Amino acid sequence: MILDLDANATYAPSERLQGVITSACSRLGNPSSLHRGGQRAKAAIEGAREVIRALVGAGSNDTVVFTSGATECNNLILHQVSTAQSPARVVSSTIEHPCVLEPLKALQRIGCTVTLVNPTQEGEVLAGTVAPAVTTEDQLVSVMWANNETGVLNDIPHIAAAVRSQAPRTLIHSDSAQLIGKLPVDFKRSALDAMTISGHKFGALPGVGALIVREGVSLAPQLLGGPQEQKLRGGTENLLGIVSLAAAANEVLETLSERTIAMAAVRDRFEVELRRALPDITIHGERAARLPNTSSITIPNIRGDDLVVALDLHGVQISSGAACSSGKPEPSHVLLALGQSEERARSTIRVSFRADQGAEVASRAVEVLVAAVSRMHSTVRSV
Ligand code: PLP
């Protein structure tokens with residue numbers, strides 16, 4: 001049986017959700033159609049919007065824009081900068097996901113000023129680092145809520161409040177793709193203008209996400225076409241994806257505190273047992289506030305990619321750095337930003353647990369991992 005310890009890459013729908021998705025297949029309709037089939041689809045989408053507002057604690061007049069996922073949400077918000085009057089300026093961090101960093105590079109190429117702040121060695125981006133980098137000239141500040149590789153949390157309410165008092169008109173956004181389904185969030189009480197969520201990170205189908213935008217903030221569309229999604233995103237809505245997003249959100253709303261506790265139990269046991277077996281490991285962000293399910297671990301003298309392959313042969317799925325970047329030889333930009341050397345970054349793996357994995361999973365993971373590491377060490381010694 002496959003043991004999937006790569007929940008931060010994607011989080012497959014539960015059996016209950018698969019049932020909801022399958023039955024929605026027989027009720028597909030185009031929400032723009034006037035007939036009953038279309039209106040039923042439209043009602044499903046509007047119902048889903050309400051569920052997403054509840055999920056993130058958004059106000060009833062805040063906008064929820066359904067998209068194809070976090071990548072599109074982040075591109076949509078960063079697109080606002082290119083439509084602003086020049087000279088455009090943005091502040092973000094060096095540990096963002098590539099779907100923030102790459103659009104930022106594109107903005108730089110058209111003359112925007114991009115300031116990227118560094119995290120602490122533990123991997124946290126501090127309000128005290130972000131706020132001084134922001135001026136009233138900045139159009140946008142974008143800082144992720146939880147890092148996908150280390151799981152380290154940034155105190156976004158604090159960062160947003162500090163930026164707001166410094167630059168009241170600057171748009172403040174957070175890529176919150178990894179937070180949802182793991183910890184609670186309260187959009188209304190934060191000073192954020194916009195946040196990004198991604199369905200497949202908390203049990204919905206891949207290919208759907210949402211950008212939540214505070215009431216009164218107006219955005220320029222990136223995808224021009226029909227009037228769908230408040231004219232912010234033309235194109236027939238991904239009804240199945242949106243239905244799955246709402247169903248996954250409802251599961252999170254019903255079970256979040258149990259999920260958090262279950263994830264922390266398995267992750268914490270895993271780290272304790274792994275350190276007992278391999279005392280020279282480093283657990284990144286160990287002293288910082290972290291997602292309850294994520295472990296980023298450097299194992300000296302081991303190639304993370306080799307370990308991923310070795311574990312896969314034994315039915316255990318993990319990741320080396322971010323899933324989106326595995327397969328590419330460069331070391332993780334996140335670990336380099338934490339001050340790790342290239343060699344140590346390449347010796348790092350990410351293990352991320354699901355809420356429905358019992359704590360005994362931790363012992364099996366440690367057993368398989370330690371056996372693979374000792375095989376690799378003995379191979380190195382014998383050559
Ligand atoms: N942002 C973060 C923090 C992520 O972890 C990911 C996926 O790994 C993304 C954005 C991209 O999400 P999506 O696959 O929904 O485009």
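Is Cys112 buried or exposed? Cys112 counts as buried, at 10% relative accessibility, where buried means under 20% relative accessible area, exposed over 50% and partly exposed in between (1.4 Å probe, protein chains only). Keep in mind that this is a predicted model: local features need pLDDT of at least 70, side-chain atom pairs count only at pLDDT 80 or more, and totals for chains, interfaces and linings use all residues. Residues are numbered from 1 along each chain as its sequence is written, and side-chain values use heavy atoms, with hydrogens and water left out.

**Around the ligand**
- The ligand is surrounded by 14 residues, counted when one of their heavy atoms lies within 4 Å of it.
- Thr71, Asp175, Gln178, Ser198 and Lys201 are the closest of them.
- Sorted by class, this shell has 5 nonpolar, 7 polar and 2 charged residues; Ala, Val, Leu, Ile, Met, Phe, Trp, Tyr, Cys and Pro count as nonpolar, Asp, Glu, Lys and Arg as charged, and the others, Gly among them, as polar.

**Atom pairs with the ligand**
- Thr71 has a side-chain N or O atom 2.6 Å from an oxygen atom of the ligand.
- For Ser198, a polar side-chain atom lies 2.7 Å from a ligand oxygen atom.
- Ala70 brings in its backbone, with an N or O atom 2.9 Å from an oxygen atom of the ligand.
- Taken alone, the ligand exposes 400 Å², and the protein buries 89% of that (Shrake-Rupley method, 1.4 Å probe).

**Cysteines**
- The disulfide count comes to 0, going by pairs of cysteine sulfur atoms within 2.5 Å.
- Cys112 is in no disulfide, and the nearest cysteine sulfur, that of Cys99, is 18 Å away.
- Cys25 is partly exposed, with a relative accessible area of 40%.

How values were computed
A polar contact is a pair of N or O atoms within 3.5 Å; within protein, one must be able to donate a hydrogen and the other to accept it, and residues adjacent in sequence count only if both atoms are side-chain atoms.
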